[in-house]
Amino acid sequence: MEEIREVLRRPCVHPRHPSRPHPPRHVRTWFSRRPQPTGEPAVAPNGVTRIGADTDTERLALRMLPRVSGPAPHKGLRIARAEIKGTLTVTDPKAFVTALTQGIGHARACSCGLILVR
């Protein structure tokens, strides 16, 4: 088992309320689709790439972090961030190494979705 601290930064894309932060339940739901139970493929049937590890998502600690805006606020770049802390059990070492080296989520290109293992 590995203890991880995963920092998840996600673009705020709510079309009607772009300034409203994502609620913690949204982040928990988003992350709950990423664990990979033993014997399951690295990509879920709905196309979500899994992290190569399993966890009890109800036992994860979730903390919302201050939002970050781009240098030109009129462009609309806002990143909602959360920190998810908990214990993972590695179930697919290859997929887990991929998640560690490439990150998770759509905002990976912005250095978001990084995983810290301790």
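Predicted model: local features only at pLDDT ≥ 70, side-chain atom pairs only at ≥ 80, totals over all residues.
Visitor: Which elements does the protein have, from the N terminus on?
Guide: Their order is β-α-β-β-β-α-β. That gives two helices and five strands.

Visitor: Why is R63 called partly exposed?
Guide: R63 has 46% relative accessibility. Partly exposed lies between under 20% for buried and over 50% for exposed. So R63 counts as partly exposed.

Visitor: What makes R63 and E83 a salt bridge?
Guide: Their side chains meet at 3.3 Å, N to O. The cut-off is within 4 Å, so the pair qualifies. R63 sits in strand β3 and E83 in strand β4, 20 residues apart.

Visitor: Is E83 buried or exposed?
Guide: E83 has a relative accessible area of 13%. Buried means under 20%, so E83 is buried.

Visitor: Which residues does R63 contact, leaving aside neighbours within four places in sequence?
Guide: R63 is in contact with A82 and E83. The C-alpha atoms of R63 and A82 are separated by 5.6 Å.

Visitor: How many salt bridges does the structure hold?
Guide: It holds two. R50 and E40 meet in a salt bridge at 3.5 Å, N to O. Both residues lie in the loop between α1 and β2, so the pair ties together parts ten residues apart in sequence.

Visitor: Why is R50 called buried?
Guide: R50 has a relative accessible area of 13%. That is under 20%, so R50 is buried. E40, with 38%, is partly exposed.

Technical notes
Residues numbered from 1 in each chain as written. Heavy atoms only, no water. Helix = DSSP H or I, 4+ residues; strand = E, 2+ residues; numbered from the N terminus. Buried < 20%, exposed > 50% of the residue type's maximum accessible area, 1.4 Å probe, protein only. Contact = heavy atoms within 4.5 Å.
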